[in-house]
Amino acid sequence: MKLKKYILMLYMEKNKNKGEIRMEILKQGKSAADIKSADDKVSAIVSETLKNIEEEGDKAVKELSEKFDKWSPESFKLSEEQIQKVVDQIDDQTKSDIAFAQANIKKFAEAQKNSINDIEVEMEPGIILGHKNIPVNSVGCYVPGGRYPMVASAHMSVLTAKVAGVKRVIACTPPINGEIPKETVYAMHQAGADEIYILGGIQAMGAMALGTDTIDSVDMIVGPGNAFVAEAKRQLFGKVGIDLLAGPTEVMVIADETSDPEMIATDLIGQMEHGPTSPGVLITTSKKIAETTIEEINKQLKTLPTGEVAKQSWDEYGQIILVDDNEEALKVADDLAYEHVEILTKDEDFFLDNMTNYGALFVGPRTNVAFGDKVIGTNHTLPTKQAAKYTGGLWVGKFIKNVTYQRITSDEKSAKIGEYAARLCQLENFAGHAEQGLLRVRKYGNK
């Protein structure tokens, strides 16, 4: 829905008698709701590619890797010797920085896992119900390369899966300019990856999910990627599990008259540099802050090395929405349901306590999206395109199946449940279902 139409629908009712809209749009680009998933052309390419991988296995994977990445090694899987060579080439500062980030991510993931408990309940004497939390057996983690080698995605996926208890975690990342991306491989290794493959794009997703002669398939694939990777995940879902379907990254800042326009501009641009379709929105109660932020953004875009990419996002997908108060800001923010939301207002707790639709919340000026994306400990694989209305992001629980069991230890209780079950099944005309209950009545009743 276009932003202007969205605002009219949202605010017309309470202003219909005045014949005006109190909301003001200081800058309008394309809204996040306008960003479509994969177009028909991408979908067709992915479908055909996955079909080739399923039919031809390694042959198709090698051809695709050569075509798109100019990469055709004897084996896509790195040997222990190759991994050790990479480890030896990483400088001490990088090792220390990665260790710091991974320690935070592991600590938070372990705390999350500790919040997930098995249960067993005796409904009445002799009738026992329970659930167990069982890790997925195997997971494939994709770590993007390209313009921005996403080293942090190795921590977020591989390490989190390992904390969850996944037995086999494999990791794929594409080569960069014909070379092994050393820092990414090091991060994968330190996170605990059992197998590391230098393989990118659709071919990586297809190989992990479908399997080949040299790559055993997995039960679940996770990780961000470009439009082709995202579409591959969508088409492979069902054959394997996935974390979520992610579109271009999004950032929202909610600000008032106490906020800093330089900080707002920096934090918006810092996320919009991801790509030319990455939406950024400022929702504010202060027209002065809004106008100054526009000036600050235009100034920063001229000096930032990634300013050209960020400017495309700002021009096409940037929004500034002026609202009357925090209540209106909350309503607009929850309706847009952005991936990353920064709270730069005097009353920070109002949004922390009341906001319901977001991927991750960054409360106060001392934190920001980059902290969450790279180092602080929360996971950066988050819902986009309003998926925050029904799901959260990747976390240790995504790798764990909650499965139930039941046990009846009493003949009397089995017969009792059998009577109820038979009658309820007969209501639905399930004669075979009913017979399961009646058999227990005959076998265990009247004793």
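Author: Helices (H or I, at least four residues) and strands (E, at least two) are DSSP runs, numbered from the N terminus. The model is predicted, so local features need pLDDT of at least 70 and side-chain atom pairs count only at pLDDT 80 or more, whereas totals for chains, interfaces and linings use all residues. Residues are numbered from 1 along each chain as its sequence is written, and side-chain values use heavy atoms, with hydrogens and water left out.

Reader: Where is glutamine 271 found, and is it buried or exposed?

Author: Burial is read from relative accessible area (under 20% is buried, over 50% exposed, partly exposed in between, with a 1.4 Å probe and protein chains only). Glutamine 271 sits in helix α10, residues 261-272, and it is buried because its relative accessible area is 5%.

Reader: With which residues is glutamine 271 in contact, leaving aside its neighbours within four places in sequence?

Author: Contact means heavy atoms within 4.5 Å. With those neighbours left aside, glutamine 271 is in contact with Thr249, Glu250, Val251, Ser278, His340, Val369 and Asp373. A polar contact is a pair of N or O atoms within 3.5 Å; within protein, one must be able to donate a hydrogen and the other to accept it, and residues adjacent in sequence count only if both atoms are side-chain atoms. Such a contact, at 2.9 Å, joins the side chains of glutamine 271 and threonine 249.

Reader: Which residues does the UniProt annotation "binding site" cover along with Gln271?

Author: UniProt positions are given in the numbering used here, with feature names shortened, and annotations may be inferred rather than shown by experiment. The unreviewed entry puts Thr249, Gln271, His274, His340, Asp373, Glu428 and His433 under that annotation. These positions are spread over 185 residues of sequence and also in space, up to 55.1 Å between C-alpha atoms.

Reader: What does the model show for histidine 433 and its helix?

Author: Histidine 433 lies in helix α17 and is partly exposed, with a relative accessible area of 41%. The expected span of a helix is 1.5 Å times one less than its number of residues; for the 14 residues of α17 (431-444) this gives 20 Å, which agrees with end C-alpha atoms that are 20 Å apart. Ala434, Gly437 and Val441 in α17 are buried, and what covers the buried residues of this helix includes α16 (411-427).

Reader: Which other residues does UniProt list for "binding site", and why can they be said to gather at one spot?

Author: The unreviewed entry also lists Tyr142, Gln203 and Asn226. They span 85 residues in sequence, yet no two of their C-alpha atoms are more than 12.9 Å apart, so they gather at one spot. Tyrosine 142 belongs to strand β4 (138-142) and is buried at a relative accessible area of 5%, while a polar atom of its side chain lies 2.9 Å from the backbone nitrogen of glycine 201. Glutamine 203 is in helix α8 (201-210) and counts as buried at 3% relative accessibility.

Reader: How many residues has the largest nonpolar core?

Author: A nonpolar core is a set of buried Ala, Val, Leu, Ile, Met, Phe, Trp, Tyr and Cys residues joined through side-chain atoms within 4.5 Å. The largest has 66 residues, and those with the most contacts inside it are Val139, Leu199, Met205, Met208, Ile221, Leu236 and Phe399. Helix α6 (151-164) supplies the largest share of this core, eight residues.
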